[in-house]
Amino acid sequence: MIEFREVTKEYPNGTKALRGVNLTIAPREFVFVVGSSGAGKSTFLKLLLHEEIPTGGTVRVGRYELNNLSRKQIPHYRRQLGMVFQDFRLIATMNVYDNIAFAMRVVGRRERAIRERVAYLLQLVGLSHKAHSKPSELSGGEQQRVAIARALANNPDLIIADEPTGNIDPRMSRELLDLFVQLNEQGTTIVMVTHAHELVRQYNKRIIILDNGIVTADGGLRQAPTLVPPQPVRRHTTPIPAYNFERRVG
Ligand SMILES: Nc1ncnc2c1ncn2[C@@H]1O[C@H](COP(=O)(O)OP(=O)(O)O)[C@@H](O)[C@H]1O
Ligand SMILES: [Mg+2]
């Protein structure tokens with residue numbers, strides 16, 4: 001589904017954000033992309049979204065060769081992606097229903113189909129009772145669930161999430177991840193960039209570590225030792241023998 005081949009990205013100021021990235025992500029995979037600040041994670045996502053183009057190498061997503069995407073193809077390409085951002089990016093003046101419906105209206109879906117799908121999505125993310133609320137009336141976790149419902153509106157094969165738990169509490173983060181796992185089990189490919197190592201450790205998924213523009217690890221938790229905290233030192237204290245009163249008396 002996704003293929004990066006020898007991908008480099010050098011910004012006009014000379015910064016080399018990616019320096020020869022090779023990776024493939026198969027349909028239906030669930031991948032965490034982690035790495036410290038400046039490692040190239042956002043650049044990686046921008047290339048996936050075709051917001052930036054590589055200075056070297058090729059990026060392919062599904063049947064699209066992103067290096068050669070025509071202007072006309074770009075909206076079609078982006079429509080098959082579901083995007084979730086750290087800062088939700090909901091439209092403040094629209095209620096929850098319309099925020100989700102909007103994504104379907106722009107692609108010309110009929111109101112009847114929209115009504116059915118939005119009702120289904122609101123139920124999926126547990127927000128049917130908030131359909132008429134404005135984003136400002138929701139908690140961070142609820143806003144992010146609306147954003148996920150919106151990302152799913154046009155039934156994408158691929159969800160790309162950029163630090164989606166960055167502004168929500170740990171319990172909601174777990175719920176969001178559980179929802180991603182559920183979607184993934186139903187066939188959606190998930191690529192999630194995150195700093196939340198604690199969360200990554202709790203899910204047994206593929207982890208790609210970016211460091212200074214290079215993939216330094218790719219695999220499960222075993223291949224990502226820097227993500228696993230050192231085991232707490234076990235103290236093998238010798239039990240203190242109980243004092244034998246009887247012997248003393250004897
Ligand atoms: N538009 C840009 N112009 C110049 N340098 C950039 C630009 N965007 C990012 N960079 C640089 O590229 C490197 C990787 O950045 P980025 O992909 O945002 O990393 P991350 O998301 O992992 O923090 C950093 O050194 C950053 O300063
Ligand atoms: Mg970033």
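This is a predicted model: local features need pLDDT of at least 70, side-chain atom pairs count only at pLDDT 80 or more; totals for chains, interfaces and linings use all residues.
Residues are numbered from 1 along each chain as its sequence is written, while chains are lettered from A and ligands numbered from 1 in the order in which they are written. Local features need pLDDT of at least 70 and side-chain atom pairs count only at pLDDT 80 or more, whereas totals for chains, interfaces and linings use all residues.

Q: Which helix gives the most residues to the shell around ligand 1?
A: A residue is taken as near a molecule or strand if its C-beta atom, placed from the backbone, lies within 6 Å of it, and the residues that surround ligand 1 include Tyr-11, Asn-13, Gly-35, Lys-41, Ser-42 and Thr-43. Helices (H or I, at least four residues) and strands (E, at least two) are DSSP runs, numbered from the N terminus. With three residues, the helix that gives the most to this shell is α1, residues 41–49.

Q: How many residues of the shell around ligand 1 are nonpolar, polar and charged?
A: Ala, Val, Leu, Ile, Met, Phe, Trp, Tyr, Cys and Pro count as nonpolar, Asp, Glu, Lys and Arg as charged, and the others, Gly among them, as polar. The surrounding residues include Ala-17, Gly-38, Ala-39, Gly-40 and Lys-41. By class, the shell divides into three nonpolar, eight polar and one charged residues.

Q: Which helix gives the largest share of the side of domain 1 that touches domain 2?
A: The chain is divided into domain 1 (1–80 + 156–222) and domain 2 (91–154), with bounds that come from an automatic or database domain assignment, and the C-alpha centres of the two lie 24 Å apart. Residues are in contact if their C-beta atoms, placed from the backbone, lie within 7 Å, and 10 residues of domain 1 are in contact with nine residues of domain 2. The largest share of the domain 1 side, three residues, comes from helix α6, residues 170–185.

Q: Is Ile-207 buried or exposed?
A: A residue is buried if 20 or more other C-beta atoms lie within 10 Å of its own, exposed if 12 or fewer, and partly exposed in between, with C-beta atoms placed from the backbone. Leaving aside neighbours within four places in sequence, Ile-207 is in contact with residues including Phe-32, Val-34, Ala-217 and Leu-227. Since Ile-207 has 23 C-beta neighbours inside 10 Å, it counts as buried.

Q: Which residue in β10 does Ile-207 stand opposite?
A: Two strands pair if DSSP finds at least two bridges between them. Strand β9 (residues 206–211) and β10 run antiparallel and are joined by five bridges. In this pairing, the residue opposite Ile-207 is Gly-219.

Q: What is the phi of Asn-212 in the hairpin of β9 and β10?
A: Asn-212 is placed in the loop between β9 and β10, and the hairpin has two residues between the strands. Asn-212 is partly exposed, with 14 other C-beta atoms within 10 Å. Its phi, a positive value in a residue other than glycine, is near 55°.

Q: Which are the edge strands of the open sheet of four strands?
A: The order of this sheet is β2-β1-β4-β5, with antiparallel pairing. Strand β4 (residues 56–61) pairs with β5 over two bridges, and Val-61 stands opposite Tyr-64 in β5. Each edge strand pairs on one side only, and the edge strands are β2 (16–25) and β5 (64–65).

Technical notes. Two residues are in contact if their C-beta atoms, placed from the backbone, lie within 7 Å.
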